Amino acid sequence: MEIKISPHLKELVPDFKVGIIQYDHIEVGDSPQMIRGRLQTFQESLFFDLEDKHVTDFQGIAEWREIFKQAGTDPNRYRPSVEAIYRRIQKQNYLNSIHSAADLNNFFSMQYEIPIGIYDSNKINGDIEIRVGQLGDEYLGINGRTISLKDKILSSDETGAFGSPYVDSERTAVTIETKHAIQIVYLKPSLQNNSCEKLLTSLGAMFTQVHGGSAESFLVV
């Protein structure tokens with residue numbers, strides 16, 4: 001599977017980069033108490049932080065709002081997924097446990113202030129291109145709504161769009177049946193490449209500690 005960033009997106013956002021983690025032979029299930037506890041504790045701590053700070057004061061969120069603007073997306077209408085999570089927490093509308101993979105993915109996203117998507121590799125057809133959506137790019141989102149992706153950053157395979165730092169699709173969602181997955185980590189442009197690689201290694205190690213299997217990571221710039 002080849003993964004690339006479109007030249008057009010690189011032209012709009014020259015410092016755009018993502019990390020890729022490929023997982024094989026994993027076991028997804030109900031989250032262990034350790035994950036559910038950390039997820040709850042982190043959200044409670046973040047809620048208190050947000051009493052004294054604006055959501056946009058967090059560096060990762062500020063950087064991703066700027067990326068959305070550069071790509072042609074109004075971040076006041078269509079927020080990066082991590083910002084949407086932070087705004088939920090600000091209202092004490094905490095995330096509930098979904099399953100171990102989704103919970104860890106959300107935890108990583110909150111911790112590093114960046115959007116992160118995780119997808120079932122067996123539901124992806126062919127190579128992946130990360131690009132800006134055109135007229136007609138759309139899918140059923142994991143929120144149950146049909147999402148128009150025009151002028152939004154998205155990931156697509158031979159079938160069409162399946163992921164975005166805005167909201168992901170139902171088509172490639174990870175479930176408890178998933179054995180092979182791919183994580184797209186939408187990195188901060190300000191983070192140096194060697195720091196990005198360390199972050200990816202850390203995420204992969206934490207994920208496989210819970211799910212077993214193996215992890216292989218690399219940068220796409």
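Contact means heavy atoms within 4.5 Å. Buried means under 20% relative accessible area, exposed over 50% and partly exposed in between (1.4 Å probe, protein chains only). Helices (H or I, at least four residues) and strands (E, at least two) are DSSP runs, numbered from the N terminus.

This is a predicted model, where local features need pLDDT of at least 70, side-chain atom pairs count only at pLDDT 80 or more, and totals for chains, interfaces and linings use all residues. Residues are numbered from 1 along each chain as its sequence is written, and side-chain values use heavy atoms, with hydrogens and water left out.

Start with H3, residues 59–71. The expected span of a helix is 1.5 Å times one less than its number of residues. H3 has 13 residues, so it should span 18 Å; its end C-alpha atoms are 19 Å apart, which agrees.

Which residues of H3 are buried? They are Gly60, Ile61, Glu63, Trp64, Arg65, Ile67, Phe68 and Ala71. These buried residues pack against helix H1 (7–12), H4, strand E4 (128–132), strand E7 (153–156) and strand E9 (181–186).

H4 covers residues 81–90. Its buried residues are Ser81, Val82, Glu83, Ile85, Tyr86 and Ile89. Their cover includes H2, H3 and H5.

Asparagine 96 sits in the loop between H4 and H5. Is asparagine 96 buried or exposed? It counts as exposed, because its relative accessibility is 61%. Phenylalanine 107 lies eleven residues away along the chain, and the two C-alpha atoms are separated by 11 Å.

**The cavity**

On a 1 Å grid over the protein atoms alone, a cavity is a set of points where a 1.4 Å probe fits but cannot get out; lining residues have an atom within 4 Å of a point. Grid points are joined across faces, edges and corners, and a volume is the space filled by probe spheres set on the points.

A search of the whole structure finds one cavity of 30 Å³ or more. The largest cavity has a volume of about 30 Å³. H2 provides the largest share, three residues.

Definitions and conventions
On a 1 Å grid over the protein atoms alone, a cavity is a set of points where a 1.4 Å probe fits but cannot get out, and a pocket is an open set with protein on both sides within 12 Å along at least five of seven lines; lining residues have an atom within 4 Å of a point.
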